[in-house]
Amino acid sequence: MRYGDILQRPDRPVEKATTSRTASRSMLPGIGNPPVVWEATEGLVSYPMAVETMEAHAAAIAAGDAPERVWLVEHPPLYTAGTSARADDLLVADRFPVYASGRGGQYTYHGPGQRIAYLMLDLTRRRQDLRLFVATLEEWIIRTLAAFNIRGERRDGRIGIWVARPNKGDYVENKIAAIGIRVRRWVTFHGIALNVDPELEHFSGIVPCGVRGSGVTSLADLGQIVSMPEVDLVLRREFEKLFGPTI
């Protein structure tokens, strides 16, 4: 099963913020489930190694041999192509390495200054509901952004989190976080990408998530100069409210 960013028609007008995918039901684990292992790796992690590590851990969770895990990383500059990626959305093919990805969605950029959170969670211990899971990931990002005085919003027909930019014109919006997941035997892997302070110009080599006419932004671009550990602290706090305790 795959779930990721949905193609937005380029001629479609910007929608108002929607609450249609709010996490109205809890993704909290059942009583007695062990805490989720929370881990942040310093330095830049290669993408192939990250995928190999995720897949192995997700398989171990499904077999009952490993705990659930959230793994926070940064990658060197690269592009990934999700299962719905269109060839013409890769605008500069030789700029950075391009990796085919098993996650849902289209093209995205990863690089330093972007917090990647890979989630290896067992939905059989929670709710076997992919839409609820994605809605809860969106809520997690929205709550994290709110702690830094940024209003993140959902959009109908698109997965991820957006920020309205009225100072740049009517209906202008930028994407600040992407979501792309895969689920195997009801265990999730891949996850979210939150722009803290990446080089935004690096996104120009692709059509991010297949959405034309909308740019990208970051906490730093919005005037919030914060460190990655500060962001991680808030991510962990808000994760625990939605998914349960971590260790």
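The structure holds 11 aromatic pairs. One of them joins W71 and Y118 in a tilted arrangement, with the ring centres 6.2 Å apart and 50 degrees between the planes. W71 belongs to strand β3 (residues 69-74) and Y118 to strand β7 (residues 114-120), so this pair ties together parts that are 47 residues apart in sequence. The model is a predicted one, and the chain averages a pLDDT of 88, with 87% of the residues scoring at least 70. Over residues 2-20, however, the pLDDT is below 50, although this stretch has 58 contacts in the model beyond near neighbours in sequence. Where pLDDT is low, predicted coordinates should not be read in detail.

**Overall architecture**

- The chain contains three helices and 12 strands.
- Of the 247 residues in the chain, 54% are buried.
- Among contacts between residues at least 6 apart in sequence, 73% join residues at least 24 apart.
- The accessible surface of the chain comes to about 10,700 Å², and carbon and sulfur atoms account for 52% of this area.

**Aromatic pairs and the ring cluster**

- The rings of W140 and F239 form an edge-to-face pair, because their planes meet at 65 degrees, with the centres 5.4 Å apart.
- This second pair links distant parts of the chain, since W140 lies in helix α2 (residues 130-146) and F239 in helix α3 (residues 228-243), 99 residues apart.
- W140 is buried, with a relative accessible area of 0%, and F239 also counts as buried at 0% relative accessibility.
- Ring pairs join W140 and F239 with W38, F133 and F243 into a cluster.

**Charges over rings**

- The charged end of R69 sits over the ring of W71, 4.8 Å from the ring centre.
- R158 lies over the face of W162, at 4.3 Å from the ring centre.
- W162 is placed in strand β9 and counts as buried, with 1% relative accessibility.
- W162 and T217 are 55 residues apart in sequence, and their C-alpha atoms are 8.8 Å apart in space.

**Nonpolar cores**

- In soluble globular proteins, nonpolar side chains tend to be buried together.
- The largest nonpolar core has 40 residues, and those with the most contacts inside it are L137, W140, L219 and F239. Two of these names, W140 and F239, also form the edge-to-face pair.
- Elements that give two or more residues to this core are β3, β7, α2, β9 (158-164), β10 (173-184), β11 (187-195) and α3.
- Helix α2 gives the most to the core, with nine residues.
- Leaving aside neighbours within four places in sequence, L137 is in contact with L119, I179, I181, I192 and F243.
- A second, separate core has 17 residues, including M54, A66, Y118 and V187.

**Loop positions and backbone features**

- G64 lies in the loop between α1 (47-62) and β3 and is exposed, with a relative accessible area of 58%.
- G64 and D122 are 58 residues apart in sequence, while the distance between their C-alpha atoms is 9.9 Å.
- N149 has a phi near 60 degrees, a positive value in a residue other than glycine. N149 is located in the loop between α2 and β8 (153-155) and counts as exposed, at 70% relative accessibility.
- H190 likewise has a positive phi, near 60 degrees, in a residue other than glycine. In contrast to N149, which is exposed, H190 is buried, with a relative accessible area of 3%, and H190 lies in strand β11.

Conventions: Residues numbered from 1 in each chain as written. Predicted model: local features only at pLDDT ≥ 70, side-chain atom pairs only at ≥ 80, totals over all residues. Heavy atoms only, no water. pLDDT = per-residue confidence, 0-100. Contact = heavy atoms within 4.5 Å. Helix = DSSP H or I, 4+ residues; strand = E, 2+ residues; numbered from the N terminus. Buried < 20%, exposed > 50% of the residue type's maximum accessible area, 1.4 Å probe, protein only. Areas by Shrake-Rupley, 256 points an atom, 1.4 Å probe, with all protein chains shown as cover. Phe/Tyr/Trp six-rings, centres within 6.5 Å; stacked < 30°, edge-to-face > 60°. Lys NZ or Arg CZ within 6 Å of the ring centre and 35° of its normal. Core = buried A, V, L, I, M, F, W, Y, C linked by side-chain atoms within 4.5 Å.
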